[in-house]
Structure formats: C-alpha cells, structure tokens
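Look at the chain below from its overall fold down to single residues.

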Amino acid sequence: MKKLNEFWYKNFYIASFVLIIYGLLISPIRDTLFGLLNIIKSPSVLVSDYMEIGGLGASYVNAGLMLLFTIILAKKCDARLTGALIAAMFTVTGFSFFGKNIVNSVPLMLGVYLYVKLKKLKLANYMHIVCFVTGLSPIASLFMFSLGFKLSTGIVLGIIVGILVGLIIIPLSSSMLKFHDGYSLYNVGFSLGIIAIVLVGILRMFDKEIPSVSLIYYGNDIYTIIFFLVLILGLMIYGLIENKGLNGYKQILESSGRLITDFTIFSNRYLVIFNIGLMGLICLGFVFLSGGKFNGPIVGGILTVMGFGAFGKHPKNVLPIMLGVYIASMVNKYEPSSTLAILTALFSTTIAPIAGEFGIIAGIFAGFIHKAVATNVTIIHGGINLYNNGLAGGMVSAVLVPLYKSFVERRNRD
C-alpha cells in the first residue's frame, strides 16, 4: 500500500512541475508574473477565465503551483491518495484555470485544518475536503478586492470569512449527503452551494452586490489542445501497456459510481490511469463535437471529469448524462457551442451514478433536467460557488432519484 501511495505522489509531483514549466515556456516570464498578479487580484467568481485575465502561461503556472501546494500538504499529513483525494487533486488543478489561486484558497483550507484540530481528528482523513472546500474561494477574493473595502480591511475580512467556511464544511457536507443519497458525486459542491446562497443573501441585504463577471478566453488554443492530447493519450497508452490490455476493466464499467465508489480500492492502478485518460478523451471529443474553444473553464471541466475517473465516473455512466445535456442544448435557446453549454455538459457528470444505477434512458432524462437547473442556480449564489453544477446536481438527484426508485419498485412488483 505504501508503495502504491508513493507511485501516485510521484506522478502528481511530476504533473505539477510539468504544468509550471509548460506555462513558463509558452509565455515570457515577465508576462507570466504580471499575469499571476492579475489572477490574484481578480474577483474570481463565475466565470473568470484565468487564461483571459492572466494569459496562457500564468494560468498554467497557477494551476501547477496550486497542485504542488496541495500535494505537499497531503504528503506532510501523510494522507493516502485514495480515489477521493485523486479526484480532489485534479479538481483543484482544473479550477486553478478559472477561480482558484493560493491567496483565495488558503483561508478556506486553514478553516478545515482548524476544525480537524479542534475536533482532534486526523487531517489525513480529510485532505480531500481541504482540497474540495476551495470551490468557495471567490468569497475570499471578493472581500479582499471587489466589495469596496479598504485593502487591509478586505484582506482581514476575506481571511476570516474563508476560515469560517472551512470550519463548517465537514459537518455540513456529511449531513448533505443524505439529501441526494450519494447520487451526486460533487457532494462538497452541493454543500458549498448552500453556504454560498446564505452568504450572498447576507451581502445583498447590506447592499453589497456580487460583480457580474464573464471573462472567457477565445484566443489561440493550440497549445492547450496539444498539451491535453499528449496527456490523455499518454495516460491511456501507459495504462493499457502496464495492465497488458483491458483485463479487469469490466468491473469498473459495472459499478454504478454512487458515493462512495473508489476505483483505487477494487481495481489496479493502471486501469484507473486508463479510465482517467479515457474520461479525458471523451471530454475532448465532446468539446470538438460541440465546436467549442479550449479555454480555462473548459480545461477545468476536463480535468475535473478526469479526476473522478478514479472515483465514480466511467464511460457507461457519464455518456448518457452528457447526451441528455447535449440534447437540451440543441433544442433550447442557449448556443450549444458556447463555453457555458459545454461546461454544463462536462460538470453534469456529477450525476453519473443516476445513469449507472437506473440505466441509459434515465440518465439521458436526468442530463436534460440538469441542464435546466444548472443554467439558473448561478443567480442565487452569485457565482461565488465555483461548483455550480454540484449544487444543481444535488437538487436534480434529490428530485429524480426517489421517482426512479418508486418506478423501479412498482415495475418489480408487477
């Protein structure tokens, strides 16, 4: 087990340095440094594309630094790299292209650390929460730079609010799991969405409006396409060679993916790596099919789905959901090639367990409904919850799963 853990740690360290070096190579160092400063000072609410705000190089460096920081934290507390933590690492990296940076993430992480210490728990067991809680990082950025406070006052308030969010996320997320019964994989995202609604309500009550942000990169995406093609194909080929084919992969495909489904426990590391790569290939194909651009949010979506390739997602349960969202995009008023439409399809896979449990048709319908919910819930949390689809997925699961279960029970009786 220790040897397996070191295997994952080594590869995450390599990945962080690759991201940093790649970022430094594709942009001048001076531009990258100024870009990082712009990233830190941005409100970071949905949708704040760091490729647009800071430039290509700075966005990759920011992602690499965030991954390096979190992997050092995990190593320091001797956390085991389970499927949940692998998914969390990928998610942190992905959202570091549009919303997360060291300055706005650390206060929330610190809050989780303080809760664990106060309750005399082992931090290693909650390292995935330390990573996932950063989905509400924009709240720290808002107080620091965007709500009209003096800089020193804003920084203090941002740190305090971030710590408070971190302090309550563990008990809240444990409770919220019952709401959707494990059929939404982004459980922390749903919990953060509830917190965000409360925080935004308080801010609006005191006439502090959340700035509306829609900064999306539409420039040259060839560097990003090349990077992800190499990464995804490399993972798939490596996994296939080391596993000597697909022997054992059927076991992953037969799982529903419902929380908690950890592929690193019942499958070997090479099949997990292959599945992570395959998730990336599916996402890549979807972006091309939809005619979208590879910008910060899309990169974040791809990396998040890839990460959950170790923790609940596989082709059999994600494709029906994505198809449902795509159908909705084709018939509704939203442009299917837009970043927001593609982003919804990628993150809609939070409800992949619905398709895994109830079948293809149920999954397609769930994806269709998810599209309707996800495009509207941003209004109530003001974009400060980066895991918008986590909130939407929890709601969709809570509504549809009891209906599906009732239908199945009735059919079985008949």
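K293 is partly exposed, because its relative accessible area is 30%, and partly exposed is the range between buried (under 20% relative accessible area) and exposed (over 50%), with a 1.4 Å probe and protein chains only. The structure is a predicted model, in which local features need pLDDT of at least 70 and side-chain atom pairs count only at pLDDT 80 or more, while totals for chains, interfaces and linings use all residues. Residues are numbered from 1 along each chain as its sequence is written, and side-chain values use heavy atoms, with hydrogens and water left out.

What does K293 meet in a salt bridge? Its partner is D221, at 3.8 Å from N to O; a salt bridge is a side-chain nitrogen of Lys or Arg within 4 Å of a carboxyl oxygen of Asp or Glu. This pair links distant parts of the chain, 72 residues apart: K293 is in the loop between α14 (269-290) and α15 (296-307), and D221 is in the loop between α10 (187-205) and α11. Helices here are DSSP runs of H or I with at least four residues, strands are runs of E with at least two, and both are numbered from the N terminus. D221 is buried, because its relative accessible area is 11%.

The whole structure holds 6 salt bridges. One of them joins E209 and R204, with the closest N and O atoms 3.9 Å apart. R204 has a relative accessible area of 34%, so R204 is partly exposed. In another, E254 and K250 come to 3.7 Å between their closest N and O atoms, and both E254 and K250 are exposed. Salt bridges that share partners also join D181, R258 and K405 into one network.

Now take the chain as a whole. The chain has 21 helices and 0 strands. Its radius of gyration is 20 Å, close to the 22 Å that the globule rule gives for 414 residues, so the chain is as compact as a globular protein of that length. The radius is taken over C-alpha atoms, and the rule is 2.2 Å times the number of residues to the power 0.38. Along the principal axes, the C-alpha atoms fill a box of roughly 65 × 50 × 45 Å. Of the 414 residues, 58% count as buried.

The surface has a nonpolar patch of about 420 Å², made by L229, L233, I237, I241 and L281. Such a patch consists of residues with over 30% relative accessible area and no salt bridge, its nonpolar side chains (Val, Leu, Ile, Met, Phe, Trp, Tyr) being joined within 5 Å; for like charges the limit is 9 Å. Accessible areas come from the Shrake-Rupley method with a 1.4 Å probe, and for residues only the protein chains shown count as cover. Helix α11 (residues 222-243) gives the most to the patch, with 4 residues. L233 is found in α11, and L233 counts as partly exposed because its relative accessibility is 40%.

K244, in the loop between α11 and α12, has a positive phi of about 60° although it is not a glycine. K244 counts as exposed, because its relative accessibility is 73%. The peptide bond from L46 to V47 is cis, with omega near -5°, and V47 lies in the loop between α2 (29-41) and α3 (50-53).
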